[in-house]
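This report takes up a pocket, a surface patch and the salt bridges of one protein model. The sequence and structure come first.

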Amino acid sequence: MKLISSVIISIILFILIMSNVDCQRKQSSNAGGISLGEKVQQLLDWNAKKSILRLNGHKFKEYVKSSPRNYSVIVMFTALQPARQCVICRPASDEYTILANSYRYSSVYSNKLFFAIIDFDEGSDVFQMLRLNTAPVFMHFPAKGKAKGSDTMDIQRVGISAEAIAKWVQERTDIQIRIFRPPNYSGTVAVIMLISFVGGFLYLKRNNLEFLQNKQLWGLMSLLFVFAMISGQMWNHIRSPPFVHKSQNGGIGYFHGSSQGQLVFETYIVMVLNGLVVIGMILLTESGSQNDARKGKLMAIIGLIFVAVFFSLLLSAFRSKAHGYPYSFLFK
Ligand SMILES: *[C@@H]1O[C@H](CO)[C@@H](O)[C@H](O)[C@H]1NC(C)=O
């Protein structure tokens, strides 16, 4: 018995070893198609024409996935075809282009780091291989070893601006890229137009400048400023988060599920809710100074309802993000 079983085991082992050898031979013949020097030269040649290398599944395997490799590759996985309905892919790819150009024409440019892009419609096999089901995704493929968790950029947290990507690239590769943005004059033009508009308005009204002392006008302007600030518009401006996103059950998610991030649409909702609470407050304070008692009462009741209902909504929006926050009012 013993003899037979040990013979069987050694046969199985032999088969396993042989198949392993076979497998290794296949791999080496695959990688042996083109040497490291040729690969680097080819990448440099492509880079001479374009600062971002467009890869398909085949090129990805040849230049990014297979060893040996002595260079890092940053790959942006994206879906630029309109049919894919990826709203932030376009701005993200514009930012990525700014970064790649800044690198390509700077003094730190070398054969240590390359920027590449893979569109879903040209390399869906790569998406499948890496189990990607969203876009855009930025990944770093290091020169040595396998990509780790932190080799995928956390877009939700840091955003998609060229500066944010450059910071992440520096963390991963120690290569510091200074972003050079093509000058954009639209801001300057807008400021000049605003100044001339306001100046012209004041000039026309020069005999009657009393409106400048209008408390309500200033009050309204300050309120708008406060709403914009407390609803996180500045955060949106800096981090450029997506407008909405796909929720787990396939619908559209209007709220970012954690207090670490936010969506643009969500900040509009928060701004409107804050506005409605303030309208309720104004109704309440103004109700006391009404000459008509019934009108004052009505205003007080409506004001109270506004404050209670919209504050509760604001609270539940907050609860849905800050998990474990214990308090709620009217609504869960
Ligand atoms: C990578 O290897 C190739 C071929 O040996 C060489 O030409 C190139 O300079 C190397 N790159 C780096 C960053 O060392």
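## Model and conventions

Helices here are DSSP runs of H or I with at least four residues, numbered from the N terminus. The model is a predicted one.

## The nonpolar surface patch

By that numbering, Leu 194 belongs to helix 8, and Leu 194 is also one of the residues that make a nonpolar surface patch of about 920 Å².

Helix 8 (186–204) and helix 9 (215–230) each contribute at least two residues to the patch, and the most come from helix 8, which supplies five.

## The largest pocket

The largest pocket has a volume of about 1200 Å³. Its lining comprises 29 residues, of which Thr 134, Ala 135, Val 244, His 245 and Lys 246 are the closest to the pocket centre. By residue class, the lining of this pocket consists of 17 nonpolar, nine polar and three charged residues.

At least two lining residues come from each of strand 4 (137–141), helix 6 (155–158) and strand 5 (245–246), while domain 1 (36–173) and domain 2 (214–321) each provide at least three.

## Salt bridges

Across the whole structure, eight salt bridges are found. Because Asp 121 lies in the loop between strand 3 (113–119) and helix 5 (124–129), and Arg 84 in the loop between strand 2 (72–78) and helix 4 (89–104), the pair ties together parts that are 37 residues apart in sequence.

Technical notes:
Residues numbered from 1 in each chain as written. Predicted model: local features only at pLDDT ≥ 70, side-chain atom pairs only at ≥ 80, totals over all residues. Heavy atoms only, no water. 1 Å grid on protein atoms, 1.4 Å probe; cavity = no way out; pocket = protein on both sides within 12 Å on 5 of 7 lines; lining within 4 Å. Points joined across faces, edges and corners; volume = space filled by probe spheres on them. Nonpolar A, V, L, I, M, F, W, Y, C, P; charged D, E, K, R; others polar. Domains from an automatic or database assignment. Patch = residues over 30% accessible without salt bridge, like charges linked within 9 Å, V, L, I, M, F, W, Y side chains within 5 Å. Areas by Shrake-Rupley, 256 points an atom, 1.4 Å probe, with all protein chains shown as cover. Salt bridge = Lys/Arg side-chain N within 4 Å of Asp/Glu carboxyl O.
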